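Please keep the model open while you read.

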Amino acid sequence: VGWWDHVAPAAKDPINGVTEAFLADPSPFKINLGVGAYRDDKGRPVVLQCVREAEAKIAGSEFLESISASVSTKMVEESVKLVYGKDSDVVKEGRSAGVQALSGTGACRLFAEFQRRFHPESHIYFPDPTWSNHHNIWRDAQIPERTYHYYDPDSKSLDFAALMDDIKNAPDSSFFLFHPSAHNPTGVDPTEEQWREISYQFKVKGHFPFFDMAYQGFASGDLDKDAQAIRIFLEDEHLIGCAQSYAKSMGLYGHRVGCLSILCVDSKQAAAIRSQIQQIARAMYGSPPVHGILLVETILSDPNLKSLWIDEVKRTTLRQNLEKLGSSLNWEHITNQVGS
Ligand code: PMP
């Protein structure tokens, strides 16, 4: 009696609120702009062909054995190659500490916790605006947030001058979160030249860049191109952190497959950092569910499935098909604009 009398309902999540409003709306023309998920004409989730084929390949696998948090899986190796490039030095030298995470959210949460343990006095700088859950994730890890200028509503574009000022004025060695492509919610990304300037200024200030990569392949249709910001920071030899999600890029929302990676000075440091993140994960949820990890692992390590996936990610395919089907409408917006 009385244990929970002081508990009031939590504030509604702004994104889930959109879905609730959608479900409650009787209009036959309604469209759900809440969670950005692949849908067919009937509004049902779309299962990619590469996922269907991977499902068939792994049918009958032993799912009962959980993947021990201490085992570095093929999924992590392949994920790291996707962001940093398969021929990058960090991959060859084993300088990345990567762990499976519960999708992009879980990867961010693990990083925030890691940040608090090893830099307890630090802050996190978010773009203004940012994905609403970033605020919750770092708040729950007890890392105070600050914001940097990003979007200028008047010009509907990046406020690059103000962004650079904020980077320069932040205390040296600050943590910054970036969306490497398809910024959510604005769809506005820095250009290649602007990323170079940002990376240069990060060197000057000794800031730490954390990239939340939730939509690799969705901005340009090309996985490498969408990782361009990260590759630029790599060229400048930054040690960076990255959260990856397969929710959107493979349409695996419910499976919660993601990866957190942190670049290190050498493989010894990578082993230490990996063990610390695994320890954090162990206390939070033990180990991640295996099924989704096996799906991603199967797709990324089978050349045929991987190229099928790459084709499916390309939104240009959609535009080409629409044009092939004889649509006379202008579909350029699909390839020109950054959808997130
Ligand atoms: N980061 C950003 C910027 C996002 O938009 C999302 C998904 N909406 C995520 C992370 C995480 O999504 P998930 O946990 O489903 O991978």
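1. **Basis.** This is a predicted model; local features need pLDDT of at least 70, side-chain atom pairs count only at pLDDT 80 or more, and totals for chains, interfaces and linings use all residues. Residues are numbered from 1 along each chain as its sequence is written.

2. **Overall make-up.** The chain has 15 helices and 9 strands. Both are DSSP runs, numbered from the N terminus: helices are H or I with at least four residues, strands are E with at least two. Of its 340 residues, 38% count as buried. Buried means 20 or more other C-beta atoms within 10 Å of a residue's own, exposed means 12 or fewer, and partly exposed lies in between, with C-beta atoms placed from the backbone. Among contacts with a separation of 6 or more, 73% join residues 24 or more positions apart. A contact here means C-beta atoms, placed from the backbone, within 7 Å.

3. **Core.** The largest nonpolar core has 77 residues. Such a core is a set of buried Ala, Val, Leu, Ile, Met, Phe, Trp, Tyr and Cys residues joined through C-beta atoms within 7 Å. Which residues have the most contacts inside it? They are F111, I230, L260 and V296. Leaving out residues up to four places away in sequence, I230 touches V83, Y84, P180, F211, I240 and C242. In soluble globular proteins, nonpolar side chains tend to be buried together.

4. **Helix 3.** This helix covers residues 74-84. Its buried residues are M75, V76, S79, V80, L82, V83 and Y84. G85 follows helix 3, with a positive phi near 100 degrees.

5. **Helix 3 on helix 12.** Helix 12 spans residues 290-301. The two pack at about 55 degrees, with axes 9 Å apart. Axes are lines fitted to C-alpha atoms, for helices over the stretch in contact, and angles run from 0 to 180 degrees between N-to-C directions. That angle makes helix 3 oblique to helix 12. The classes are roughly parallel under 35 degrees, roughly antiparallel over 145, roughly perpendicular from 65 to 115, and oblique for the rest. K74, M75 and E78 of helix 3 meet I293, V296, E297, L300 and S301 of helix 12. These residues divide into 4 nonpolar, 1 polar and 3 charged. Nonpolar covers Ala, Val, Leu, Ile, Met, Phe, Trp, Tyr, Cys and Pro; charged covers Asp, Glu, Lys and Arg; the others, Gly among them, are polar.

6. **Helix 12 on helix 13.** Helix 13 is residues 303-313. Its axis comes within 5 Å of that of helix 12, crossing at roughly 95 degrees. Helix 12 and helix 13 are therefore roughly perpendicular. T298, I299 and L300 of helix 12 contact L305, K306 and W309 of helix 13.

7. **Helix 2 on helix 13.** Helix 2 is residues 49-58. The two axes come within 8 Å and cross at roughly 155 degrees, so helix 2 and helix 13 are roughly antiparallel. Q49, C50, E53 and A54 meet L305, L308, W309 and E312.

8. **E145.** This residue sits in strand 3, residues 145-149. Beyond neighbours within four places in sequence, E145 contacts H123, I124, F126, H135 and W138.

Notes: Contact = placed C-beta atoms within 7 Å.
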